[in-house]
Amino acid sequence: EMTVEKDCAVAVFDIEKAGAPTIEPRFETKFWVETISSSIMKQWEENSTPQLPGSELELKLPPINSYIPTNFELKPLPADDSSHPLLNCSVKVCIGNGKKMQWYPACVIKFKTEKNNHLLLLHFEDEHEQWYTVDSNIVDTDADAIDAGFESSFDNGKVKFKVTAVPREGEGIVFSYGDADHDYDVEDGVAFPPI
């Protein structure tokens, strides 16, 4: 049985005319199967096609949002964020302190090239940072050659350094400021923490 309400056909289900229900085997839910007439199918197809609203409704699209990105291309890394085998390594740097030389722990946090010089930015334990020129003997050093214990110098041999820890593949900066051979040596009581 069909009733028409405001340009819309509504089918009214009559349980007495429908007959016995079918029972779904797993949950034992009752349901009825009924053939949909071709006139209703045609009406559904007509209503499913996209139609613009009438001009009397004054509906319109909102203005374009300039904050929604449209370009998802990756930008190249800046020149001062290039890669170097010592990047993210922990080092001890031998610096003159008065009349004697002392070793200070630091980590390499940045690399850049400037006027044919390769520069590394070191972050020291006391929070200050300083740029050093990489000596020519390690400019083209392969990453596989850099390991804990690797020694060389900065600033044309004026500043010696020794690598104390190297990051693993995909790992960020390694802070290894203590004298321990391993990061857990202090926790395990094998070595004293840095002072």
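How many bridges join S7 to S8, and in which sense do these strands run? The legends below take this hairpin after an overview. The model is predicted.

**Figure 1. Overview of the protein chain, with 2 helices and 10 strands.** Read from the N terminus, the order of elements is β-β-α-β-β-α-β-β-β-β-β-β. The chain has 195 residues, and 24% of them count as buried.

**Figure 2. The hairpin of S7 and S8.** The opening question is settled here: 5 bridges join S7 to S8, and the strands run antiparallel. Leucine 120 has tyrosine 132 in S8 as its bridge partner. The hairpin leaves 4 residues between the strands. Glutamate 127 sits in this turn and has a positive phi of about 80°.

**Figure 3. A negative surface patch that includes Glu125 and Glu127.** Asp126 and Glu129 also belong to the patch. Glutamate 125 lies in the loop between strand S7, residues 117–124, and strand S8, residues 129–133. Is glutamate 125 buried, exposed or partly exposed? Its relative accessible area is 32%, so glutamate 125 is partly exposed. Glutamate 127, the turn residue with the positive phi, is another member of this patch.

**Figure 4. The hairpin of S6 and S7.** S6 and S7 pair over 8 bridges in the antiparallel sense. Threonine 113 has histidine 118 in S7 as its bridge partner. The hairpin has 2 residues between the strands. Lysine 115 takes a positive phi near 50° here.

**Figure 5. Strand S5 paired with S6.** S5 spans residues 90–97 and S6 spans residues 100–114. They run antiparallel and are joined by 8 bridges. Serine 90 stands opposite cysteine 107 in S6. Lysine 92 has proline 105 in S6 as its bridge partner. There are 2 residues between the strands of this hairpin. Glycine 98 takes a positive phi near 75° in the hairpin.

**Figure 6. Strand S5 paired with S10.** S10 covers residues 159–165. It is joined to S5 by 5 bridges, and the two strands run antiparallel. Which residue of S10 is the bridge partner of serine 90? The partner is alanine 165. Serine 90 also stands opposite cysteine 107 in S6.

**Figure 7. Asparagine 88 in the loop between H2 and S5.** Asparagine 88 is not a glycine, yet it has a positive phi of about 75°. Its relative accessibility is 18%, so asparagine 88 counts as buried. The cut-off for buried is under 20% relative accessible area.

**Figure 8. Glutamate 28 in the loop between S3 and S4.** Strand S3 covers residues 22–23. Glutamate 28 has a positive phi of about 55°, although it is not a glycine. Is glutamate 28 buried or exposed? It counts as exposed because its relative accessibility is 62%. Exposed here means over 50%.

**Figure 9. A nonpolar surface patch of Ile36, Met41 and Trp44.** Together these residues have about 300 Å² of accessible area. Isoleucine 36 is in the loop between strand S4, residues 30–31, and helix H2, residues 38–48. At a relative accessible area of 42%, isoleucine 36 is partly exposed.

**Figure 10. Aspartate 135 and lysine 158, with C-alpha atoms 9.7 Å apart.** Along the chain, these residues are 23 residues apart. Aspartate 135 is placed in the loop between S8 and strand S9, residues 151–154. Is aspartate 135 buried or exposed? Its relative accessible area is 6%, so aspartate 135 is buried.

**Figure 11. Glycine 172 and leucine 87, separated by 9.1 Å from C-alpha to C-alpha.** In sequence, they are 85 residues apart. Glycine 172 belongs to the segment after S10. With a relative accessible area of 37%, glycine 172 is partly exposed.

Terms used
Residues are numbered from 1 along each chain as its sequence is written. This is a predicted model: local features need pLDDT of at least 70, side-chain atom pairs count only at pLDDT 80 or more; totals for chains, interfaces and linings use all residues. Side-chain values use heavy atoms; hydrogens and water are left out. Patches are made of residues with over 30% relative accessible area and no salt bridge: like charges are joined within 9 Å, nonpolar side chains (Val, Leu, Ile, Met, Phe, Trp, Tyr) within 5 Å. Accessible areas come from the Shrake-Rupley method with a 1.4 Å probe; for residues, only the protein chains shown count as cover. A salt bridge is a side-chain nitrogen of Lys or Arg within 4 Å of a carboxyl oxygen of Asp or Glu. Lys and Arg count as positive and Asp and Glu as negative; His and the chain ends are not counted. The place of a charge is taken as NZ of Lys, CZ of Arg, CG of Asp or CD of Glu. Buried means under 20% relative accessible area, exposed over 50%, partly exposed in between (1.4 Å probe, protein chains only). Two strands pair if DSSP finds at least two bridges between them.
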